[in-house]
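Dear colleague,

I am handing over the structure below, and I would be grateful if you could look through it alongside the notes that follow. Please keep in mind while reading that it is a predicted model.

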2 protein chains.
Amino acid sequence: MPETPRRPESRYGNRPTMKDVAARAGVGLKTVSRVVNGEPGVTPETERRVQESIDALGFRRNDSARVLRKGRTASIGLVLEDLADPFYGPLSRAVEEVARAHGALLINGSSAEDPDREQELALALCARRVDGLVVIPAGDDHRYLEPEIKAGIATVFVDRPAGRIEADCVLSDNFGGARAGVAHLVAQGHRRIGFIGDMPRIHTAAERLRGYRAAMEDAGIPVQEAWMSLGATDPARVRRAAEQMLSGAAPVTAVFSGNNRVTVTVIRVLAERDRQTALVAFDDLELADLLQPGVTVVAQDAAALGRTAAERLFRQLDGTLLVPERIELPTRLITRGSGELPPAD
Amino acid sequence: MPETPRRPESRYGNRPTMKDVAARAGVGLKTVSRVVNGEPGVTPETERRVQESIDALGFRRNDSARVLRKGRTASIGLVLEDLADPFYGPLSRAVEEVARAHGALLINGSSAEDPDREQELALALCARRVDGLVVIPAGDDHRYLEPEIKAGIATVFVDRPAGRIEADCVLSDNFGGARAGVAHLVAQGHRRIGFIGDMPRIHTAAERLRGYRAAMEDAGIPVQEAWMSLGATDPARVRRAAEQMLSGAAPVTAVFSGNNRVTVTVIRVLAERDRQTALVAFDDLELADLLQPGVTVVAQDAAALGRTAAERLFRQLDGTLLVPERIELPTRLITRGSGELPPAD
């Protein structure tokens, strides 16, 4: 049944080729190639026969094959950390919009916070001849990309910096944003302030912890170990961390939450308790303003991160950007109530 | 400066080829090809020379070229509607996990609800020789995919059905879910119930409206035109629609919100008003349970949609799935307070 789309044996490999087109049209391969690539030297009559053969067989020119011929494609790869983290949604869309404005296709996938998977994905995209890569790194050693970069692959790192190579990086001011958010809690009279963040090996988590420590030092408050918890962002781990800080003889009166994944659990823990605890959270959340109290956040501009990274990538491709830079975008403190609560005691 | 990764002229086309490897190693192309593809007939000494040349030049075998040779790659494409819609996050991740379990790379992009862009993206992915496509369609005519399907590209549509072709579809029970959600409002004593949904040309929006009408008919309530508003999901449009239904002599006492994008605006409008209005929303939201009142939702299982679609795609590729089917996954009513409010009057 040649017509059914479900022939198992038709799954792989038997897509029509230029050779099939040539055979059916009764012309040479070179002639088909001329027609497919719109090159001169073909009579209208022959072109018509080839076109009929192309339509009849459903032949489609393979872009990758064209790359091999012309050494050029128009696609960029985006290596995300987690497809399901809402923070990366606007970032991905911004990259795609810039790619589209340059007539390029965006191809992406995620590392699930696994450095090996990041490398595997990045190299697979290079093997598919993307012109450039926007990478949200999971790992901290990107020397594996050096041959690709030498070979002409444009590369920009976003949200987190590149490790052990010179490369463009577009980051948020994680240190400054966290420092301002914690200083805001200090300004409300808090001294016992907790910090709950992501795994310390992650650049953004380490930078935000550094911002917390700096703000506490600015205020002359010696930080206690029991006030800091870094680790996986799964609800069980975050819940344990929050409940520990909030219990005991001298519980924290305020919490600084290190990212949006941590915040959704911290909000739940605080909502279950009678005593009000102040909260400032890094990253905005869709309904944060409608909670009672509204959640005070240190907001990043995810779309600006993606847009800036993608624009630098295309400037590399245009050859108008010659020196790798590290760009830091500012964050914004948005006060909504939770961060303005005074100490309970 | 041959060492700098930023040579503009190095941007396109001068990646090392097998020919460069052959020239440097002083062997023939066929020999390099044998080494690259692990074929026999090469002496250890020659293999060593070729390998050195490969390492020195940073040559990487092009998977797409391999496809042309062996007629096989291991990648699937995912055509999303909107990279920034949180509903598609868990769906994308589930597709990627299944692809990964099958050793395949996931390549995706979004149509931004534009049928032309959907077609452009789907065909571009086919031209890059993906083995299969998971499509969340923006358009309603997919005959453009028939040549690809005939040529052996596995295809599964998810969230919305295929148009004008026979294909696997994995959908939520949009009709049944909306009908149950509206029936729940009727059971609380509501009769003037509003429906605010997405553009009626979108399958899910039309099905959910049909569910609303069915529930009203089941209850013997004649629906008034003023109670229904379908259109774009941008906040301004949704706000106007909600405020109109909630004003006038006989305002609605309950609202059924057609999707998560609509809900975030409806919640804001209701939060601004003194008179409490009941709300049941299609699609769950991350913090919906923490709002006051909690938002009663008709929840879809986005991850199950993605997982089921991807698993069917690979069964097509294995040749164990021969007949296209339309699968509907059930939805779940989650009561949290907003849907249990009685009529205000």
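**The open sheet of chain B**

In chain B, six strands make up an open sheet of mixed pairing, and their order across it is β7-β6-β8-β9-β10-β12. At its edges stand β7 (228-230) and β12 (332-334) of chain B, each of which pairs on one side only. From one strand to the next, the twist averages 15°.

Helix α8 of chain B, which covers residues 174-187, packs on this sheet and touches β6, β8 (254-257), β9 (278-282), β10 (296-299) and β12 of chain B, while its direction makes about 170° with that of β9(B). Helix α9 of chain B, residues 203-218, lies across β6, β7 and β9 of chain B, and it runs at about 170° to β6(B).

**Strand β6(B) and its neighbours**

Strand β6 of chain B, residues 193-197, runs parallel to β7(B) and is joined to it by three bridges. Two of the residues that can be followed across this pairing are Phe195(B), whose bridge partner in β7(B) is Met228(B), and Ile196(B), whose partner in β7(B) is Ser229(B). With β8(B), the pairing of β6(B) is again in the parallel sense, here over four bridges, and Ile193(B) stands opposite Ala254(B) of β8(B).

How many of the five residues of β6(B) are buried? The strand is mostly covered, with five of its five residues buried.

**A helix pair in chain A**

In chain A, helix α5 (residues 88-101) and helix α12 (residues 302-318) pack at an angle of about 35°, and their axes are 7 Å apart. The crossing of α5(A) and α12(A) is right-handed. On the α5(A) side, the contact is made by Pro90(A), Leu91(A), Ala94(A), Val95(A), Val98(A) and Ala99(A), which meet Ala302(A), Ala303(A), Leu305(A), Gly306(A), Arg307(A), Ala310(A), Glu311(A) and Phe314(A) of α12(A).

**Chain A as a whole**

The secondary structure of chain A amounts to twelve helices and twelve strands. Its radius of gyration is 27 Å, whereas a compact globule of 345 residues would have one near 20 Å, and the C-alpha trace of chain A spans about 90 × 50 × 30 Å along its principal axes. Of the 345 residues in chain A, 58% count as buried. When contacts in chain A between residues at least 6 apart in sequence are considered, 66% of them join residues at least 24 apart.

**A loop residue in chain B**

Finally, I would point you to Val42(B), which lies in the loop between α2 (29-36) and α3 (44-57) of chain B. Which residues does Val42(B) contact, leaving aside its neighbours within four places in sequence? They are Thr31(B), Arg34(B), Val35(B) and Glu47(B). Val130(B), by comparison, is 88 residues from Val42(B) along the chain, and the C-alpha atoms of these two residues are separated by 32 Å.

With kind regards

Notes:
Residues are numbered from 1 along each chain as its sequence is written. Chains are lettered from A and ligands numbered from 1 in the order in which they are written. This is a predicted model: local features need pLDDT of at least 70, side-chain atom pairs count only at pLDDT 80 or more; totals for chains, interfaces and linings use all residues. Side-chain values use heavy atoms; hydrogens and water are left out. Two strands pair if DSSP finds at least two bridges between them. Axes are lines fitted to C-alpha atoms, for helices over the stretch in contact, and angles run from 0 to 180 degrees between N-to-C directions. Contact means heavy atoms within 4.5 Å. A crossing is left-handed if the near helix is turned anticlockwise from the far one by less than a right angle, and right-handed if clockwise. The radius of gyration is taken over C-alpha atoms; the globule rule is 2.2 Å times the number of residues to the power 0.38. Buried means under 20% relative accessible area, exposed over 50%, partly exposed in between (1.4 Å probe, protein chains only).
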